[in-house]
Amino acid sequence: PLDNRVKLVEVGPRDGLQNEKTIIPLATKINLIERLARTGLSTIEAGSFVSPKWVPQMDNSREILEHILRRDIASPTPLTFSFLAPNLKGLNNANAILEKHPNAFETQATRLANPSASSHKPTVEIAVFAAATEAFSQKNLNCDIATSLKWFGEVIQAAKQRGLRVRAYISVVLGCPFEGHDVNPHRVAEIATEMLEMGADEIALGDTTGMGTAPRTKELLNCLRSAGIRNEDISMHFHDTYGQALVNTAVALEHGIRTFDSSVGGLGGCPYSPGATGNVATENMVYFLESLGMDTGVDLDAVSDIGAWITKELGKPNDSSVGKAVIGA
Ligand code: HMG
Ligand code: MG
């Protein structure tokens, strides 16, 4: 029988906030991260070591990492905090903070050796992010796919030396804002294989534009399976622009995928993907998965309260239908 545990990767503090035009106070971001950590979510994407000229909203990621390492953040489960880093400059910026607090986090090896120990320091994860199309790579990273993969090889090697887990995104896998629907799944499989061979621990398949449909999700996953990529090495990262994220989630679950990204309150969007809206809401994912008898370990009431709070804080509508129903809004 398939394992009924599902891991949700909460990307709200990064993907959810990176597109906001007014700079969100550090205290609000930290409050969001600490509240999310108490709901049972085990992995929280907390920031991004990218160029502040490109994504000004993520400029205080250093302070966020520093806070995470200084404070013993309360949580019912061992925590992993994830940060994007596209190149060695980004990784070195993260490493400079880790060097200052060498005993404040545990390595991936330590965590794997004893995954459910009752007292845990957090682990830190680095995320690189490739694109499935040349046009999106140019817009998002200002380079072609081959060049980006060279950077990622360096980032992955350096991150591993530091004992950090690495996830590797591939964006626009089910539709590109510049090249359309017909993204080649074989190209996705090639890029995924290359990044796994470089040492990435996980491939996160980004439906950046939300253009993915159930049949094409299935086609993509079948293609990756034929290329020898294991389900346990895949996470699905659905944006909900066309309202297809839960349907696509059902297809991926049926296929055997057990890791999914989501964002509290349905926050989010990529600054280099015009028109794309937020990630699928964490509240909707928890409700949907639990209705199928899956175990997310996440407290739906708590996460719904956070969605209501953060969207109000940002002056945005709450994009989680489940969240609104749960709090009675
Ligand atoms: P560039 O302008 O070609 O880079 O940008 P450059 O090497 O010419 O450097 C320009 C300046 O940036 C220099 O500073 C560098 O030092 C600095 P200056 O000398 O002018 O003062 N710089 C950096 N600063 C801080 N951290 C760094 C860094 N690198 C260079 N890491 C670059 C190339 C990759 C830097 C740029 O294109 C970039 O930062 N892109 C990131 C874009 C981004 O963050 N997009 C959103 C995340 S991806 C996403 O949302 C999709 C996802 O959710 C999955 C999905 O939905 O599909 C993950
Ligand atoms: Mg995204």
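The model is predicted.

**Ligand 1**

- Ser171 uses a side-chain N or O atom, which is 2.7 Å from an oxygen atom of ligand 1.
- At Ser51 the backbone takes part: one of its N or O atoms lies 3.0 Å from an oxygen atom of ligand 1.
- A polar backbone atom of Val50 is 3.2 Å from a nitrogen atom of ligand 1.
- The protein buries 75% of the 1,100 Å² that ligand 1 exposes when taken alone.

**Helices H2 and H12**

- Helix H2 spans residues 26–37 and helix H12 spans residues 300–314.
- Their axes come within 10 Å and cross at roughly 170°, which means that H2 is roughly antiparallel to H12.
- On the H2 side, the contact is made by Thr28, Asn31, Leu32, Arg35 and Leu36.
- These meet Val303, Asp305, Ile306, Trp309, Ile310 and Glu313 in H12.
- The residues of this contact between H2 and H12 comprise 6 nonpolar, 2 polar and 3 charged.

Methods:
Residues are numbered from 1 along each chain as its sequence is written. Chains are lettered from A and ligands numbered from 1 in the order in which they are written. This is a predicted model: local features need pLDDT of at least 70, side-chain atom pairs count only at pLDDT 80 or more; totals for chains, interfaces and linings use all residues. Side-chain values use heavy atoms; hydrogens and water are left out. Axes are lines fitted to C-alpha atoms, for helices over the stretch in contact, and angles run from 0 to 180 degrees between N-to-C directions. Helices (H or I, at least four residues) and strands (E, at least two) are DSSP runs, numbered from the N terminus. Angles under 35 degrees count as roughly parallel, over 145 as roughly antiparallel, 65 to 115 as roughly perpendicular and the rest as oblique. Contact means heavy atoms within 4.5 Å. Ala, Val, Leu, Ile, Met, Phe, Trp, Tyr, Cys and Pro count as nonpolar, Asp, Glu, Lys and Arg as charged, and the others, Gly among them, as polar. A polar contact is a pair of N or O atoms within 3.5 Å; within protein, one must be able to donate a hydrogen and the other to accept it, and residues adjacent in sequence count only if both atoms are side-chain atoms. Accessible areas come from the Shrake-Rupley method with a 1.4 Å probe; for residues, only the protein chains shown count as cover.
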